[in-house]
Amino acid sequence: MRRVGIVGTGMTGLTAAAELQKAGIEVFLLDKSKSVGGRMATRRVGDGRADYGAQFFTVRSDEFQQDVNKWIGDKEVKKWFGDHHPRYQSINGMNALAKYLAKDLCVYVNRKVQTIDFQNGRYQLYTEENEIFEATDIIFTPPSPQVIEILNNSKLQADQSILKTLKFSPCLVAIVELYKEVPYGDHGQLTNPSSTIQRIVNHQQKGISKTSVFSVYMNKDWSEKHFDEHENELLWAIKNEIKEWIGANHIKSIQLKKWRYAEVKRVLHQPFAEIMPSLLVAGDAFLRGEDVTNHSRLESAYLSGKSAAAELMGKNI
Ligand SMILES: Cc1cc2nc3c(=O)[nH]c(=O)nc-3n(C[C@H](O)[C@H](O)[C@H](O)COP(=O)(O)OP(=O)(O)OC[C@H]3O[C@@H](n4cnc5c(N)ncnc54)[C@H](O)[C@@H]3O)c2cc1C
């Protein structure tokens, strides 16, 4: 019996799983987090809400557009702003879209895969929670350093060389709750407002929060330089960086999210990698040949998930 195990429930894993299940193949997903979505992340803040990973997505391929149109029809997604490559948002926060995509899938959360083995013609995924999940085929979707960690714990002779060429940059995100509404620009997103801040998003203006909650994304250089500093020092430094944009007196609360693997610095121009027979690695870092953007994003994750699923179904996309 064919049974596919997918590690990771971000856009890549959820897309691959849906494709396989549609084709009648048994599939299950494992994720170390307590919820699905990966970098499609939303947090409650008081009575409000904040997206603190991906804020929006753009669409360049017909394949993705078809599904996005369906999500719009199901009232999960809407256009946020922009005419040329419009920015689409999830109506109830990015994580709600992940939950909607996961609703008919077999998902096990709070399962951290530690190592993998191959015995009697099947793969075994061993979790930190002392469970073993068996599958005939595997798709790994975490950022490549996390896949390498799993492979390094394993006796499998998988070819890691291609994974080692991928480099990720970190991102420090502050989630800031304000006492009162402070509007920003036309849509609630301010891009590159200073030499250290990559963007500021006002979630009340974006329409996902009842109260005034902002996400502040520090840029790559700042995030890389300060990543390992203590949380209190970081929050103090970020408050200092944003005071021109969000007055210190307006701040009710501030919290930090550290994404160690946020964006891919160097992508691969192939939609997935087969590192052992029936063991694929997919994700936003893997771009299809026709993708000329050269950068990772939700759409590249979606397309990589689709291609990996097609490969296991014997199709070639
Ligand atoms: C701060 C930030 C801002 C961004 N902004 C945008 C944006 O505006 N627009 C856009 O298009 N893209 C944006 N992106 C990129 C986008 O979020 C990603 O391209 C996309 O979500 C990647 O999906 P994925 O499924 O490939 O990986 P992920 O979403 O990272 O999923 C991988 C999953 O694997 C799980 N995992 C890892 N290790 C293990 C293990 N050992 N066992 C079990 N599970 C494991 C993780 O918990 C995670 O859920 C942003 C990303 C970040 C971090």
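A: The protein chain has 317 residues and a radius of gyration of 20 Å, which agrees with the value near 20 Å for a compact globule of that length. That radius is taken over C-alpha atoms, and the globule rule is 2.2 Å times the number of residues to the power 0.38. This is a predicted model: local features need pLDDT of at least 70, side-chain atom pairs count only at pLDDT 80 or more, and totals for chains, interfaces and linings use all residues. Residues are numbered from 1 along each chain as its sequence is written.

The protein chain has nine helices and 18 strands. These are DSSP runs, numbered from the N terminus: helices are H or I with at least four residues, strands E with at least two.

Now the packing itself. The axes of α1 (residues 11-22) and α9 (residues 298-312) come within 7 Å and cross at roughly 35 degrees. Axes are lines fitted to C-alpha atoms over the stretch in contact, and angles run from 0 to 180 degrees between N-to-C directions. From α1, the contact takes M11, T12, G13, T15, A16, E19 and L20. From α9 come L298, A301, Y302, S304, G305, K306, A308, A309 and L312. Contact means C-beta atoms, placed from the backbone, within 7 Å. These residues divide into nine nonpolar, five polar and two charged. Here Ala, Val, Leu, Ile, Met, Phe, Trp, Tyr, Cys and Pro count as nonpolar, Asp, Glu, Lys and Arg as charged, and the others, Gly among them, as polar.

Across the chain, among contacts between residues at least 6 apart in sequence, 64% join residues at least 24 apart. The C-alpha trace spans about 65 × 45 × 35 Å along its principal axes.

Key
Two residues are in contact if their C-beta atoms, placed from the backbone, lie within 7 Å.
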